[in-house]
Amino acid sequence: MENVYSIWPLAAVLISLLGAIPILLSDRTPNIREGWTIVIAVGKVWLIAAMLPTVLAGGSFEFTIAQVLPGVPIQLRVDAMGMFFALIASFLWLFTSIYSIGYMRALEEHDQTRYFASFAVAISATIGVAFAANLLTLYLFYEILSLSTYPLVAHERNAEAKASGRKYLTYILGTSIGLVLPAMVILYSLTGTLDFKSGGIIGTGCNAQVITLLVVLFVFGFAKAGIMPFHAWLPAAMVAPTPVSSFLHGVAVVKAGAFSILRVIFHIFGPEQLQYFNLGTFITTVASITIIVASLVALTQDNLKRRLAYSTIGQLSYMVLGAGMLSAAGMTGGLLHIGMHAFGKITLFFCAGAIYVASKKKYISEMDGLGRRMPITFGAFFLGSMSIIGLPPLGGFISKWNLVIGSVQGNQIPLLIVLLVSSLLNAAYFLPIVYRAFFAVPQGEAATEEAVKIQEAPLLCLIPICVTAIGSVALFFYPDIFLRLVQLALFP
Amino acid sequence: MIKQNLHMFVMAAPLLCAFAVNLLGRLSRAWVAPLVLGALGFSTYGAIFVLQEVLTNGSFRYVVGNWTAPYGIELVLDPLSAMMLLLVSTVAFLASISALKSVSQELPGREHFFFTLFLILIAGLNGLVMTADAFNLYVLLEITSITTYGLIGMGSGRAPLSSFNYIIMGSIGACFYLLGVGYLYILTGSLNMADISTILGGLQGGNVATATAFAFLMVGLWVKMAFFPLHGWLPNAYSHAPSGAGVMIAPLMTKVTVYLMIRVMFSIFSPEFEFVRHAGVQNLIVWVSAIAIICASLLAFSQRDLKRMLTYIIVAEVGYMVGGVWLANTTGLSGAILHIVNDALMTLCLFLAASAIAYRTGGLSFEHLRGLYRKMPVTMAAFTIGAFAMIGVPPTCGFFSKWYLILGGAEAGHWEFVAALVLSSLVNAILFFRIIEIAFYPTEESHGHGHHEQEKVKVQEAPLMLLNPLVITAVLLIVVGLSSGTIVNDVIRVVLPDLF
């Protein structure tokens with residue numbers, strides 16, 4: 001349909017980037033500073049939602065920022081796939097901001113201005129990744145995302161945070177500069193363009209070895225997607241404050257990685273070409289290994305956030321797995337899981353943060369009986385984990401169901417087994433937490449009087465938890481917008 | 001008439017003001033700043049018009065003093081030299097604002113001496129980018145070198161020794177260059193570049209002599225631009241120089257020398273001579289460039305002082321440019337020329353930041369950089385942008401020239417060069433993030449999660465005269481980055497047919 005040339009995509013990206021300035025300037029007035037964050041967040045959701053009707057009808061918005069290289073401008077385009085990611089990210093950012101305010105104030109954290117300003121830049125970069133019209137623009141915003149999230153990962157002033165910050169940058173910058181950049185250059189020298197086009201820009205006439213090399217470089221290069229062996233940054237990044245972990249490492253950063261891989265699969269290489277070169281198998285193998293190993297490691301983690309981190313690594317590979325299946329339902333499930341997982345995982349991370357704020361507990365073994373004191377939090381945790389496991393009536397069921405159908409469609413029985421086994425593992429590492437929280441009797445220290453004083457988390461934390469948990473349920477009953485966007489993205 | 005002679009005014013203004021600064025500066029210190037800023041502001045302003053003139057009306061050749069070529073000195077104003085003229089003037093102007101302040105702290109009472117040399121240096125650089133005469137090039141090269149020796153020698157500590165070392169190496173380089181010009185004179189009887197080129201094309205014999213002349217010219221220039229392994233003089237010379245000198249010399253000297261190499265290679269000799277007839281040499285030089293990049297990047301690792309680290313990075317950047325030129329394709333050459341502009345700006349940004357930091361903290365070893373993001377947020381923000389440009393993060397300019405260089409390397413099949421560039425980006429990332437990390441964390445002690453008192457660290461930014469050029473340059477890095485397309489299309493691609 002029509003391609004509207006308009007500045008709206010740029011406005012949606014820039015609103016929080018420019019908004020970082022008033023945030024930095026209101027250092028001395030915390031309430032005004034927080035007010036700015038909320039205003040920008042609402043504005044962003046509104047700008048993106050305003051573009052939704054046109055995109056749902058099949059149209060798109062385009063804006064060229066600068067002609068920098070021959071054939072490759074820095075350009076934004078809002079199409080169905082980008083709109084899907086941007087909607088999720090901006091909506092969840094609004095609630096993360098509310099949650100952040102509650103969390104940071106309850107803990108009287110330091111450096112809050114730097115925190116909120118970095119967050120604003122990071123969400124700007126995330127929307128930039130979503131709306132990128134070509135690989136260069138995507139790379140540009142991907143890098144800005146890496147750099148702007150460093151101050152957030154390294155927020156705590158201890159040695160652990162320093163080491164995690166280093167690990168974070170080493171893995172993420174190392175792979176993007178070392179793997180993605182050469183891959184982009186090679187791709188450009190082959191095709192003269194880096195635009196995302198439905199059906200891909202590679203013809204079948206290209207050298208199979210070069211295409212294989214490029215696929216390898218891109219799949220491993222976008223390390224934000226946590227494909228093993230470049231996944232270790234994610235558990236390390238859990239030292240960051242929990243809103244950072246929940247939003248960035250549950251929604252924005254990690255989804256930007258998975259989104260980038262899926263973009264490259266769908267709109268640079270194209271499913272037909274990948275089928276022709278037999279590269280779907282490589283992608284699904286790599287993803288399957290990551291899923292199984294990550295789920296197994298998650299079982300061994302006692303630190304709640306680390307368990308969630310390994311769960312995220314596994315779930316991200318579901319998205320890549322679905323894309324690699326190259327079957328209609330598989331690709332639908334993979335792309336849809338970006339949205340379903342986002343809502344579920346962010347609920348889980350929000351709960352982890354709420355537990356920490358209310359009781360200072362980080363380890364699952366200490367959380368026996370806590371559910372009776374914090375019923376709302378653990379109730380939401382239960383809903384979130386059901387969504388991740390993929391059970392109805394939660395949204396995660398729809399994406400997992402599509403993945404299962406996809407593996408059957410493509411006659412890929414090993415993948416079906418991977419999906420079923422990993423779902424069992426997901427249940428194994430989530431459900432005991434909920435069970436013990438509600439039904440176990442606290443032992444030893446936990447049973448002292450101190451423990452009796454633990455109450456539910458502050459309100460500003462509870463509201464976002466409830467919204468995202470209910471959202472996960474709502475997505476089961478009303479997945480239409482997401483499904484339509486995914487279908488438009490894959491089958492225009 | 002003005003239009004035809006404007007570039008002469010651009011060159012003459014700093015020269016004349018140099019004498020004025022020396023004389024009037026003795027009377028009163030207050031004369032120095034307005035004269036320096038006035039001269040360089042005028043130069044920059046004029047250079048903009050020169051560039052505009054050349055882009056609209058095409059290139060032209062200018063004879064100095066109406067002595068006709070090939071006997072007289074000829075200047076060539078094509079888009080490349082006009083762009084270089086603008087680059088030199090702008091960098092000089094921004095650097096001088098900062099230099100005025102740091103010199104008043106580091107060399108009180110001797111500002112007029114400093115700026116006399118400073119302005120003559122700039123005049124020399126302006127002339128260098130325009131000259132089309134081989135011997136005139138030598139003269140101007142020596143003018144710039146000698147003023148640089150003087151400026152560096154004015155520093156404290158080991159500066160005079162480093163300068164002396166530089167004198168030795170630099171003079172050897174200049175002599176090699178002169179020897180090369182001598183050979184060419186013997187062969188052709190002319191000193192005018194275009195003339196030599198025509199005569200060389202028609203020569204029947206004398207191939208060995210021509211090759212020798214070329215070799216001497218190249219090695220001479222390589223010594224001057226600190227192309228590994230002829231770089232030994234640079235780290236000491238640039239790190240011991242006074243801050244005010246460093247901000248001017250570091251961004252410009254090596255880059256202008258790279259430009260001179262391009263001029264010599266394409267205006268005196270021809271691509272056919274260098275790349276086709278002596279293809280083995282071409283491959284060798286690209287390999288040496290790759291090694292230069294890697295070795296210099298690795299040497300930068302062991303440095304514990306910010307400025308010394310930056311000097312080794314400069315050596316690596318020279319490797320980028322030399323390699324790019326010798327890739328023998330238009331993409332590589334475009335990348336190299338774009339990198340001249342970008343690297344000048346990036347180095348300027350980083351050296352200005354170093355100058356501001358040194359002004360406030362008194363030193364540049366890593367110990368002095370702790371917690372700097374709180375104490376000097378604007379300086380460090382600009383430093384961060386400069387660092388990203390060096391690493392090659394879009395949309396800063398550093399990314400785009402790297403793109404062309406990598407693309408050129410891939411097109412030419414020189415994968416060692418591509419690998420060296422990627423590796424160098426990664427190493428730069430580590431180098432700069434080491435510093436960013438030190439500046440990010442206030443002290444070594446771990447505070448754990450319990451200590452949340454905001455120690456109100458006093459923000460003690462650098463004075464405005466150091467900060468303004470820094471901020472302008474940091475913004476320029478992004479603006480130039482986004483205008484890469486314009487620069488390549490309107491300036492570089494226009495010049496390429498002439499060069500090739």
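Ile48(B) is partly exposed in this predicted model, because 16 other C-beta atoms lie within 10 Å of its own, whereas a buried residue would need 20 or more and an exposed one 12 or fewer. The place of Ile48(B) in the fold is helix H2 of chain B, which covers residues 32-57. If the reader looks from Ile48(B) to Arg26(B), the two are 22 residues apart in sequence, and their C-alpha atoms are 33 Å apart in space.

Chain B is built with 20 helices and two strands, and its C-alpha trace spans about 85 × 60 × 45 Å along the principal axes. The radius of gyration of chain B is 22 Å, which agrees with the value near 23 Å that a compact globule of 500 residues would have. Buried residues account for 59% of the 500 residues in chain B. When contacts between residues at least 6 apart in the sequence of chain B are considered, 79% of them join residues at least 24 apart.

Chain B has a mean pLDDT of 87, with 95% of its residues at 70 or more. Over residues 445-454 of chain B, however, the pLDDT is below 50, and this stretch has 11 contacts in the model beyond near neighbours in sequence. Where pLDDT is low, the predicted coordinates should not be read in detail. Among the elements of chain B, the highest mean pLDDT, 93, belongs to helix H5 (residues 134-153), and the lowest, 75, to helix H11 (residues 271-277). For the complex as a whole, the predictor gives an ipTM of 0.89 and a pTM of 0.91.

The next topic is the interior. In soluble globular proteins, nonpolar side chains tend to be buried together. The largest nonpolar core here has 392 residues, and those that touch the most other members are Phe84(A), Ala89(A), Met184(A), Val320(A), Leu119(B) and Cys349(B). Helix H14 of chain B, which covers residues 330-361, gives the most to this core, with 20 residues. Taking Met184(A) as an example and leaving aside residues up to four places away in sequence, we find that Met184(A) touches Leu135(A), Leu136(A), Tyr139(A) and Leu194(A).

Chain A also has strands whose pairing can be followed. Strand S1 (residues 3-5) of chain A runs parallel to strand S2 (residues 60-69) of chain A, and three bridges join them; within this pairing, Tyr5(A) has Glu62(A) in S2(A) as its bridge partner. S2(A) also pairs with strand S3 (residues 72-78) of chain A, this time in the antiparallel sense and over seven bridges, and here Gln67(A) stands opposite Pro73(A) in S3(A). The hairpin of S2(A) and S3(A) has two residues between the strands, and in this hairpin Gly71(A) takes a positive phi near 85°.

Finally, we come to the contact of the two chains, which takes 30 residues from chain A and 27 residues from chain B. On the side of chain A that touches chain B, the elements that give two or more residues are S2, helix H5 (135-153) and helix H6 (159-191) of chain A. Of these, H6(A) gives the most, with 14 residues. Sorted by class, this side of chain A has 17 nonpolar, seven polar and six charged residues.

How values were computed: Residues numbered from 1 in each chain as written. Chains lettered and ligands numbered in written order. Predicted model: local features only at pLDDT ≥ 70, side-chain atom pairs only at ≥ 80, totals over all residues. Helix = DSSP H or I, 4+ residues; strand = E, 2+ residues; numbered from the N terminus. Rg over C-alpha atoms; globule rule 2.2 N^0.38 Å. Contact = placed C-beta atoms within 7 Å. Pairing = 2+ DSSP bridges. pLDDT = per-residue confidence, 0-100. Core = buried A, V, L, I, M, F, W, Y, C linked by C-beta atoms within 7 Å. Nonpolar A, V, L, I, M, F, W, Y, C, P; charged D, E, K, R; others polar.
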